[in-house]
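Open the structure in your viewer and keep the selection tool at hand. The stops below say what to select and what is there.

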Amino acid sequence: MPFRQSARHKVNNTQIYYIFYKVLDMILQKNKLALFFIVCLFAANSAFAINEPVETAKQVVEKFQTELIDVMKNGKQLGYAGRYEKLHDPVSNSHDLTKIARIIVGKEWEKLTETQQQQLVDAIIRLSISSYAHNFKDYSGEAFVFDSEEETTRGGVVVHSHLNIPDDKPVKFDYMLKEKGSSWRIINIIANGVSDLALKRSEYTSILQREGFDTLIAKINEKIDNYSKL
Amino acid sequence: MSKANSSNLDVKINKFISGILMATVISLSGCATTKDSEQNLSTNKDDPYENFNRKVFTFNDKVDDYVAKPISDGYKWVTPQLVQTGVFNFFNNLKNINVVINDALQAKFAQSAQDTGRLAINTTLGLGGIFDVAKHVGLEQNEEDFDQTLAVWGVSHGSYLVIPFLGPSTVRGVPGAAFDTAANPSTYIGFPIMAAALLNTRATAEGSLQFIDEAALDPYIFTRESFLQWRDNLATDGKSQTSNDVDDLDNELLADDKDTAVKPGLPINVSKAEPTKDKKTNPSVSLEAETKELEKTSKSLSDTTKSLDNATQAFENADSKIDKLKKSKK
């Protein structure tokens with residue numbers, strides 16, 4: 001679907017240029033019809049803006065991937081701090097990090113105080129951005145390719161894609177998205193069959209039960225710290 | 001399978017088991033005093049032997065830190081990348097014999113033909129496998145092994161096990177590894193080659209191990225979960241994973257308020273909650289824990305032996321299983 005839309009966009013653009021040309025021609029000829037055409041043109045354009053649909057799940061993923069590749073391309077010049085800065089908005093806007101934080105502590109979530117919950121969400125946001133900033137630090141021709149899209153039983157969408165790496169096996173990236181308000185947000189990434197959410201969940205619940213909340217936060221902070229140094 | 005081959009397999013399996021048993025005993029005696037058993041709070045259904053596994057994990061980690069990593073680092077330091085790639089390709093090519101066998105056992109005949117082609121091209125044009133020529137003509141390396149074959153045959157992976165020196169596995173993985181070892185020529189060439197194979201494996205794993213180090217809050221759980229998921233994904237060729245995962249998470253989200261059902265592991269730790277505080281001053285409690293530990297360990301070993309029996313049996317019926325798979329594919 002989105003593919004057809006973008007194709008239509010292109011057609012429309014050339015049409016617009018064509019019309020623009022004609023209009024210019026008419027103005028030059030002082031044709032009264034020109035005014036009418038100009039009005040039409042503006043009307044069409046603004047109608048377009050209103051009708052523009054909210055991003056689909058696929059678009060959310062692809063936008064994020066493009067931004068990630070962009071950061072990788074400039075990774076060396078940006079340095080860790082620069083990459084963190086640049087990735088902050090793309091990550092926060094495409095992921096539902098509150099929900100992610102909630103899922104990875106499972107039933108323990110209810111046992112946390114509101115301050116602790118906020119503290120956890122904050123830590124997860126920083127951890128996610130810093131792990132992206134650390135792991136996607138340079139560029140050697142990698143490219144994300146969209147494979148397919150699939151609806152899950154409970155209204156989620158899974159976007160299947162893979163990352164082509166020159167001289168290496170491609171890595172499968174499956175994104176699971178859920179609707180948050182009117183937009184789609186990533187809540188899980190499954191890389192080569194390993195679910196990030198499931199992995200974190202086992203780790204975090206276990207640490208919470210064994211060692212408590214403060215240790216968990218301390219360990220997360222330690223990881224973020226290491227990411228910034230390595 | 002001819003009789004001679006299967007008896008050969010038996011010998012291999014026996015050797016393998018006795019090796020594991022010996023290694024386990026050594027590691028246990030080495031670890032018994034290192035750490036008092038932590039109470040098993042979060043019992044994972046795939047990992048009933050977590051306490052034992054954690055000890056072996058710690059042991060393996062030490063072995064890696066003090067022996068394997070230094071050797072592997074030295075190898076990486078003195079050996080040019082080109083040679084390293086050649087060594088990797090060589091062993092990888094030998095592995096393809098096993099891949100072809102397991103393709104056939106899983107009734108993946110087209111893939112089996114492809115992998116045979118890959119093996120033939122790399123052994124000849126690739127000068128005994130040193131160069132991966134096949135990759136450049138579009139024959140990608142496939143990952144198949146006997147553990148996956150057992151999975152396709154319907155054997156569930158069983159409990160998670162960490163094996164001394166060898167690392168993560170499952171009850172199903174042990175006979176799987178025994179078969180794979182038996183089907184790999186480098187096993188028979190002798191010690192230097194086997195050592196080189198091990199070194200190559202460690203050097204190749206460097207990246208993953210480093211990633212675990214960087215990303216894991218609890219390296220034991222991180223390794224366990226990623227290993228189980230990765231094996232599952234390989235066994236199903238990437239099909240079942242996502243949907244299962246998604247459904248699980250969905251269920252979890254729906255259930256997270258209502259379902260606080262007490263898990264089987266919970267009553268135990270409630271009753272033990274107090275003694276844990278002064279565990280060190282109470283020898284009887286820790287003794288009890290140790291005994292339980294040993295019971296569990298011996299159970300994990302008997303589980304493994306049982307699974308070896310099952311695997312042998314499964315193997316005897318291989319013909320009918322392949323036929324069934326063939327039919328189901330049509």
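Start by selecting B:Asp147 and B:Arg172, which form a salt bridge with closest N and O atoms 2.7 Å apart. A salt bridge here is a side-chain nitrogen of Lys or Arg within 4 Å of a carboxyl oxygen of Asp or Glu. B:Asp147 lies in helix H6 (residues 146-152) of chain B and B:Arg172 in the loop between strand S2 (167-170) and helix H7 (173-182), so the pair ties together parts 25 residues apart in sequence. Helices (H or I, at least four residues) and strands (E, at least two) are DSSP runs, numbered from the N terminus.

This is a predicted model, in which local features need pLDDT of at least 70 and side-chain atom pairs count only at pLDDT 80 or more, while totals for chains, interfaces and linings use all residues. Residues are numbered from 1 along each chain as its sequence is written, chains are lettered from A in the order in which they are written, and side-chain values use heavy atoms, leaving out hydrogens and water.

Are the two partners buried or exposed? B:Asp147 is buried at 7% relative accessibility, and B:Arg172 is buried at 6%. Buried means under 20% relative accessible area, exposed over 50%, and partly exposed in between (1.4 Å probe, protein chains only).

Next, select B:Arg202 and B:Glu206, a salt bridge with closest N and O atoms 3.0 Å apart. Both sit in helix H9 (residues 191-215) of chain B; because they are 4 residues apart, about one helical turn separates them. B:Arg202 is buried at 11%, and B:Glu206 is buried at 15%.

Move to chain A and select A:Glu108 and A:Lys111, whose salt bridge has its closest N and O atoms 3.3 Å apart. A:Glu108 is buried at 12%, whereas A:Lys111 is exposed at 61%.

For a network of salt bridges, select A:Arg210, B:Asp47, B:Glu50, B:Arg54, B:Asp218, B:Arg224 and B:Glu225. Over all chains, the count is 25 salt bridges.

Now turn to the nonpolar core, a set of buried Ala, Val, Leu, Ile, Met, Phe, Trp, Tyr and Cys residues joined through side-chain atoms within 4.5 Å. The largest has 59 residues; among those that touch the most other members are A:Leu120, A:Tyr175 and A:Leu177. A second, separate core of 14 residues includes B:Tyr49, B:Val171, B:Tyr220 and B:Ile221.
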